[in-house]
Amino acid sequence: MAEIVSFPEAGKADGLLLRSLRDGVLRLVLNNPPANALSIALLQALIAELENAGSDASVRVVVIASTGNVFSAGHDLKEFTAHRADEDQGAGFFERAFRLCADLMLKITHLPKPVIAEIDGLATAAGCQLVASCDLAICTDTSTFCTPGVNIGLFCSTPMVAVSRAAHRKQAMEMLLTGETIDASTAKDFGLVNRIVPKQYLAQVVAKYAGVIASKSPLTLKIGKEAFYRQLELPVEAAYDYAVGVMVDNMLTQDAKEGIDAFLGKRLPEWKG
């Protein structure tokens, strides 16, 4: 049974995010029906949970899933529209919402633990951005994806940041310029998701991936995830220079010594972290 998380600052967020922790795997389930819109309250709740997970040694892997038939439809447009009556026509609120969403995506990238998106249904706009920001993404064969902002006069510029780094460049532009929905198979071809599975096996497959990852050295995962994203932004020569230094530092850790000794001794390693 999932535990409902409530946050002091966001009384309105009660029940919007479901939390469960088992065998080192933290499941965060979006529960904002019918579209699991990323409201201010839900964004705050996700960020708070990820901040806690980063320093919680009992958390090895984070899974972000959802209830219902929509993974996430992105920002809450009704919330946005309500603030057009503000004195500044909503500019301050829009800045806050987009900045908070960007902070969430960066929190996922900088989290020293892997994050897996478990998608069953539609992931659109900032919901697609959330999928693209996760380290791994596994979806059902009926899931769909899109960045439809262009259809309503609002180019998906912030989702573009994550989508263009996950998908191939021309495929990302295709999604952004047309606003059309793509199916799971196309999303895999584009590079947005890793695996496609039948609906009845989704949780099982995600649990298997999370369990395998959770069994690894948490220190090694932290080193590797940080290095992966840093080297992506470097020219290839600089990336190798950086990676060499990371490998040397990693080799000097107790977990690397233990892992190699265990491999040579044909036994299971005992990670110290």
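This is a predicted model: local features need pLDDT of at least 70, side-chain atom pairs count only at pLDDT 80 or more; totals for chains, interfaces and linings use all residues.
The secondary structure of the chain amounts to eleven helices and eleven strands. With a radius of gyration of 19 Å, close to the 19 Å that the globule rule gives for 273 residues, the chain is as compact as a globular protein of that length. Along the principal axes, the C-alpha atoms fill a box of roughly 65 × 45 × 40 Å. Of the 273 residues, 44% count as buried. The accessible surface of the chain comes to about 14600 Å², of which carbon and sulfur atoms supply 57%. Among contacts between residues at least 6 apart in sequence, 64% join residues at least 24 apart.

In soluble globular proteins, nonpolar side chains tend to be buried together. In the present model, the largest nonpolar core comprises 53 residues. The residues with the most contacts inside this core are V62, L104, I119, F145 and L192. Helix 1 (residues 40-55) contributes the largest share of the core, namely nine residues. Another core, of twelve residues, lies apart from it and includes V25, I116, V197 and A210. When neighbours within four places in sequence are left aside, V62 is in contact with L26, L28, L50, A53, L111, P114, V115 and I116.

A pair of aromatic rings is described by the distance of the centres and the angle of the planes. The count of aromatic pairs in the model comes to four. One of these is formed by F80 and F93, whose rings are arranged edge-to-face, at 5.7 Å centre to centre and with 90° between the planes. Because F80 belongs to helix 2 (residues 77-82) and F93 to helix 3 (residues 91-110), the pair ties together parts that are 13 residues apart in sequence. Both F80 and F93 are buried. The rings of F80 and F98 also form a pair, with centres 5.3 Å apart; their planes stand at 75°, so the pair is edge-to-face. Through ring pairs, F80, F93, F94 and F98 are linked into a cluster.

Helix 5 (residues 157-166) has P159, A162 and V163 as its buried residues. These cover an arc of only 95° around the axis, which puts them on the same side of helix 5. The packing partners of the buried residues of helix 5 are helix 4 (126-133) and helix 6 (169-178).

Leaving aside neighbours within four places in sequence, T124 is in contact with S72, A73, G74, C146 and P148. For T124 and P148, a separation of 24 residues in sequence corresponds to a distance of 7.1 Å in space, C-alpha to C-alpha.

Notes
Residues are numbered from 1 along each chain as its sequence is written. Side-chain values use heavy atoms; hydrogens and water are left out. Buried means under 20% relative accessible area, exposed over 50%, partly exposed in between (1.4 Å probe, protein chains only). Helices (H or I, at least four residues) and strands (E, at least two) are DSSP runs, numbered from the N terminus. The arc is that of the directions from the helix axis to the C-beta atoms. Contact means heavy atoms within 4.5 Å. Rings of Phe, Tyr and Trp (its six-membered ring) pair if their centres lie within 6.5 Å; planes under 30 degrees apart count as stacked, over 60 as edge-to-face and the rest as tilted. A nonpolar core is a set of buried Ala, Val, Leu, Ile, Met, Phe, Trp, Tyr and Cys residues joined through side-chain atoms within 4.5 Å. The radius of gyration is taken over C-alpha atoms; the globule rule is 2.2 Å times the number of residues to the power 0.38. Accessible areas come from the Shrake-Rupley method with a 1.4 Å probe; for residues, only the protein chains shown count as cover.
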